[in-house]
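Please look over the following chain and its model, and read the briefing below alongside them.

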Amino acid sequence: MTRSEFDDIRAFLADPATHAGDLLRIARTLIDDLEQARVREAFLRTHYLRLLTAARTTVAADMVGAPDPLAFLTRELAERGQLPEDEDAVQQILSDARTAEALLACMHEEQQQQPPVVRMRGMRLRRCVGAHRTLPR
């Protein structure tokens, strides 16, 4: 849910003309959204933990001199359809990794050079643009 959707809901709740039935409908929609977010989070956590386990196992296998230490990671990536298919894909992945590493280094450097940003509290001055849910009126 976007920030503007939360703002719309807050405004709708603060409106004295809002009826109890409308509030119940919003509550049901929000509960459904929370449940979907919970399922997505559990799904992503599972994938993350499997990948992390495969990566740690690969490093451990390499440390003990196993004959094919990449087997664990290769199997996990293959199950997800994430193995590079050809030389072009390999080069693209390596290029993306180098770019991401450079961007992270720049961000880290900027964070150390700039003083922290003080954010003002209160009403937002602009509204987020994007797909949003319409509330009954």
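What volume does the second largest pocket have? The second largest pocket has a volume of about 160 Å³, in a predicted model where local features need pLDDT of at least 70 and side-chain atom pairs count only at pLDDT 80 or more, while totals for chains, interfaces and linings use all residues. Residues are numbered from 1 along each chain as its sequence is written, and side-chain values use heavy atoms, with hydrogens and water left out.

**Fold and confidence**

- The chain has four helices and zero strands, and from the N terminus on its elements run α-α-α-α; helices (H or I, at least four residues) and strands (E, at least two) are DSSP runs, numbered from the N terminus.
- The average pLDDT, the predictor's confidence in each residue from 0 to 100, is 86 for the chain, and 84% of the residues score at least 70.
- Confidence is lowest in helix α1 (residues 3-14), with a mean of 84, and highest in helix α3 (residues 71-79), at 95.

**The second largest pocket**

- A pocket is, on a 1 Å grid over the protein atoms alone, an open set of points where a 1.4 Å probe fits, with protein on both sides within 12 Å along at least five of seven lines, and its lining residues have an atom within 4 Å of a point; the volume is the space filled by probe spheres set on the points, which are joined across faces, edges and corners.
- The lining is made up of M1, F6, L30, D33, L34, Q36, A37 and R40, and helix α2 (residues 20-63) supplies its largest share, six residues.
- By class, this lining holds five nonpolar, one polar and two charged residues.

**Helix α4 and its start**

- The end C-alpha atoms of helix α4 (residues 87-113) are 39 Å apart, which agrees with the 39 Å that its 27 residues should span at 1.5 Å a residue, the expected span being 1.5 Å times one less than the number of residues.
- At the start of α4, a side-chain oxygen of D86 comes to within 3.3 Å of the backbone nitrogen of D88.

**Burial and individual residues**

- Of the 137 residues of the chain, 10% count as buried, where buried means under 20% relative accessible area, exposed over 50% and partly exposed in between (1.4 Å probe, protein chains only).
- T18, in the loop between α1 and α2, counts as buried because its relative accessibility is 15%, and a polar atom of its side chain lies 3.1 Å from the backbone oxygen of D15.
- F72 belongs to helix α3 and is partly exposed, with a relative accessible area of 32%; its C-alpha atom is separated by 8.8 Å from that of T53, 19 residues apart along the chain.

Technical notes
Polar contact = N/O pair within 3.5 Å; in protein donor to acceptor, adjacent residues only side chain to side chain. Nonpolar A, V, L, I, M, F, W, Y, C, P; charged D, E, K, R; others polar.
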